[in-house]
Amino acid sequence: MSTPPQALFVSYTSLLGGAERILLDHATALPGPVALACPEGPLAERARAAGIEVATLTRRRVELRAGRRDRIAMPLRMAAHAREIRRIVAQRRPRCVVAWGMRPALSCAIGLRGLQPRPPVVFQHNDLLPSPLVGRAVRAAARRTDLAIALSQAIADDLDPHGRLGVPVAVVRPGVDLTRFRPPAGRVAGTSGQGAEAAPTALLLGAIVDWKRPDLALESVALAARELPGLRLRIVGAPLTAAGAELLAELRRRAGQPDLAGRVDFAGQVEDVPAALAGATCLLHCADREPYGMAVAEALACGRPVVAPAAAGPLEIVDPSCGVLYPPGDARAAAAALVDAVSRAPELGRAARAHAEAELDRDVARSRFRSLVEELSR
C-alpha cells in the first residue's frame, strides 16, 4: 500500500470469532485505505477478500495462561508481538492504530513507546477484565492510548468504574445487518413449516468455550423438558481450541444421558446463521458474564425471542418485550424462562424485530465508529 492507511487494525488472533467479525464490519466502514496486522488464518483470508491489506504477524498461542510454561513464556510472547507491531507501524505510517482487544493494547503500549512520530491509538475493548492483575495491566495500557471504545456499557464500566482512567471511553454497541438478519417470510417465532404444533427448538449459538456455559444450556433444557416434552436443543458452533474440543466431548456425553437422549443436536459451525435462527423457536444464551452478545442481537433481528442471563451485555440488549432474563448460573430459573419464552414466542418474536430495528441497526454503529476514528486520524 503506497498511501499510508487511514487505520491499521491490530489483532492478536487469526481466528474468526464474533469480535473479529465486528472488526471487519467496522474496518470496511472507513472511507480511506485500511490495513490489518494479524496472523495468517481465517481472519486474514476474510480481510483480503474485503479489500483490506494484511500485514502478517507471527501466530502465537491464544491460551496465554494455559499452564505454568505458558505463564513463564507469556511476557516473551507479548514482547515479540510488540516488536512486530512497532516495525509494521514504522513501515506503513498509519494515521491511526486500532488495537483490537486487550492483548494488542498491551503490545501497542510497549511497542509504540517512544516511536516518533507515533500515530493516535484507539483501544477497542471487547471483553470484561478477567482478573484484578490483568485489569491493572490493561488500564495502564489504556492510559497510553488516545481513546477507548467499548462494545457495551458493561465493558466501559468495568474498564473505568470511577471515571478516572484519564482517556475518553466511548460505547459503540455493534449493530446487525437488518437485511440479512430478518424474520423469514411468513414465519414468526413459534411456528414452522409443519404448523404451530411442531416441537419447540431452543438454539445455542456461539463458539464452544467454557465461559459461554453450554453445560448450563443442557441442564436448563433437561429441566424445561419436564413441562415441554417435545423441546429440543440445537447447538451451533465449534471449538476454537483444544480445551474447547474437550468441552464438546463432555457435552456430547451429557447429552447422551436419559433426560436428554435424542433431544440435542450438535450442528457444528454453520455459515448461514440467519437460517439457523429461522429454524429455532428462541435463542438460549447462558454466559454468566457476556461482554456484549452478537448472537443475542442477531436473534432479535431475526424475530426470535431471547432467553439470557440478566447481566452485562444481554441486559443492555434485551428488554421484557422481546425476551426473558434469568439470574446468571441458575439452571432452574433458565428452564422457567425458557418455558415462558416458548409459550409467548410469537408475541415476543414480533417485538424482537421491532426492537432490533429501533436499537440495533448496523449502519448506525458503523457510522458512530467511523466518526470517532476519523476525528483521531485527521
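**Exercise 1.** In which loop is R213 found?

*Solution.* Start with the ground rules. The model is predicted, so local features need pLDDT of at least 70 and side-chain atom pairs pLDDT 80 or more, while totals for chains, interfaces and linings use all residues. Residues are numbered from 1 along each chain as its sequence is written, and side-chain values use heavy atoms, with hydrogens and water left out.

Now look for R213: the loop runs between β8 (201-205) and α7 (214-224). Helices (H or I, at least four residues) and strands (E, at least two) are DSSP runs, numbered from the N terminus. Next, check the backbone: phi of R213 is near 55°, a positive value in a residue other than glycine.

**Exercise 2.** Find R93 and say whether R93 is buried, partly exposed or exposed.

*Solution.* Go to the loop between α3 (68-92) and β4, where R93 sits. Its phi is near 50°, again positive without being a glycine. Then look at the relative accessible area, which is 37% for R93, making this residue partly exposed. (Buried is under 20%, exposed is over 50%, and partly exposed lies in between, using a 1.4 Å probe and protein chains only.)

**Exercise 3.** Which peptide bond is cis, with omega near -10°?

*Solution.* Follow the chain from Q116 to P117: that is the bond. P117 belongs to the loop between α4 and β5. As background, most peptide bonds are trans, and most residues other than glycine have a negative phi.

**Exercise 4.** Describe how α1 and α2 pack.

*Solution.* First, the geometry: α1 (residues 18-27) and α2 (residues 42-49) meet at an angle of about 20°, and their axes are 11 Å apart. So α1 is roughly parallel to α2. (Angles under 35 degrees count as roughly parallel, over 145 as roughly antiparallel, 65 to 115 as roughly perpendicular and the rest as oblique; axes are lines fitted to C-alpha atoms, for helices over the stretch in contact, and angles run from 0 to 180 degrees between N-to-C directions.)

Second, the residues: α1 brings E20, R21 and L24, and α2 brings L43, R46 and A47. Contact here means heavy atoms within 4.5 Å.

**Exercise 5.** What is the strand order in the open sheet of 7 strands?

*Solution.* Read across the sheet: β3-β2-β1-β4-β5-β6-β7, with parallel pairing. Neighbours are turned by 20° against each other on average, ignoring direction.

Zoom in on one pair: β5 (residues 121-125) and β6 (residues 147-150) share 4 bridges, and V122 is opposite L147 of β6. Helix α4 (residues 102-111) lies across β1, β4 and β5, and runs at about 135° to β4.

Technical notes: Two strands pair if DSSP finds at least two bridges between them.
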